[in-house]
Amino acid sequence: MSSERPDGFDEISHLRPVPPKDSDLPPLRSRPEGKTKPEPAFGFWMAVLWCVLYLIVTQFLALIFCGIPIIFVFMAIEVANNGQGMLNDPAKQKEWVQGDDGRLMMLTVLIASHLVGVLFGWIMIRWRIGRQWKRRMALTRWPSITHWVLILIGFPALLGVSSAVEQPIMKYVPSVQDLLNRANIDFEWPGIEAVEPLLKKTPFLLAFFAVAILPAVNEEFWCRGFLGRGLAGRYPMWAVMLMTSFLFGAIHLEPRQGLWAMFFGAAIYATYVATRSLWAAMFIHFVNNGLAVLHSSDQIGWPLLQPISDLLERSPLEFVSASSLLLAAVGYALYQTRCKLISPDDGLVWEPPGVSSVELPPPGSGTIVTHDPLSPLSVSLVVVGAVAFGLVLTFA
């Protein structure tokens, strides 16, 4: 049995008796009178309003106060170097935006947007959750070795299934640009297709920071951390998973990307709950985006995702079946070894407030986070799934 005891915290609450025997609870310290912070639980429609505010801040206010000054600086440099001919020629403006300097400008604007999102999310988390926000969002616990191994084994299968899900979405779901064209609105929407050119030609480290690192922090803090904790105060885990995944997709604004993100977000949230660690959620998000940068960058030249595309074209049934089998096996193993709270002294067990919170126990509560070892059934299923997946990769 794997266990961890968090430290550095001093808040105790929500204790429940554990049979069959009683034991003395260690002396507990409570908050001084008048400093109790209300639990930040909210319903689904309140979460929707929070996301609207998030989009206003990260898209519109960030554009006004960060994006426009960045664009002005880049264009001023271009005018200083090559004259003012571009300012009055839309064709030259478009050509410049699609060139190296324009792509670098857009990537810088994207970085600014994510930095504003991180700052806004932290302010909301600090305000609504309190000074112990790291513990309450399960950011102070590193996943166990067992869970790290399961995540690494299951990630290729998650990529395979998500890629299979993406294909019909891209084929049948209209993009924002499609909807604008059907409505005869003459406006060019920078959809998901605009991201790949940014990754191909811009400096690799800058693209990696903008697309892999910042979104993993920004969006996981907001969706799994802030929204997940608030909704978990009122709803069971499965409902919170559906709600946060829907909102995770919605904040991407692009229907195609959003529908795919809903599926991916559900897997991230399930892992977050099973491991009781926000680091696991951020890691999956980071690796997924990081692989996309490595795959697309001309500077690196590693088409890491190409085998998945080839297998989906060459042997779709075998590849999707093997990916689904491995993903299901890892999912079952994570469920079987999901983290739980126990008292090693058979005393009182601390419970987090709300319905399905993954908050970590405070010190002095006599409660630790632990999980069961992998059962023979879980090991067998994961081995069978991994072998099937490997055979398909090798021979399909």
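A cavity is a set of points on a 1 Å grid over the protein atoms alone where a 1.4 Å probe fits but cannot get out, and lining residues have an atom within 4 Å of a point. Grid points are joined across faces, edges and corners, and a volume is the space filled by probe spheres set on the points. The structure holds one cavity of 30 Å³ or more. Its lining consists of R136, M137, R224, G228, R229, A232, Y269, Y272, S357 and V358. Two elements, helix 8 (204-232) and helix 10 (255-275), each give two or more residues to this lining, and helix 8 gives the most, with four. Helices are DSSP runs (H or I, at least four residues) and strands likewise (E, at least two), numbered from the N terminus.

Residues are numbered from 1 along each chain as its sequence is written, and side-chain values use heavy atoms, with hydrogens and water left out. Because the model is predicted, local features need pLDDT of at least 70 and side-chain atom pairs count only at pLDDT 80 or more, while totals for chains, interfaces and linings use all residues.

Eight salt bridges were counted, a salt bridge being a side-chain nitrogen of Lys or Arg within 4 Å of a carboxyl oxygen of Asp or Glu. Side chains of opposite charge can pair when their charged atoms come close. E359 and R135 are joined at 2.9 Å, N to O; E359 lies in the loop between strand 4 and strand 5 (368-371) and R135 in helix 4 (residues 133-136), 224 residues apart. Through shared partners, R135, R229 and E359 form one network. Buried means under 20% relative accessible area, exposed over 50%, and partly exposed in between (1.4 Å probe, protein chains only). E359 therefore counts as buried at 3%, as does R135 at 0% and R229 at 8%.

A further salt bridge joins K201 and D298 (3.2 Å, N to O). K201 belongs to helix 7 (residues 195-201), whereas D298 is in the loop between helix 11 (278-296) and helix 12 (306-314), 97 residues apart. K201 is partly exposed because its relative accessible area is 48%, and D298 is partly exposed at 41%.

Terms used:
1 Å grid on protein atoms, 1.4 Å probe; cavity = no way out; pocket = protein on both sides within 12 Å on 5 of 7 lines; lining within 4 Å.
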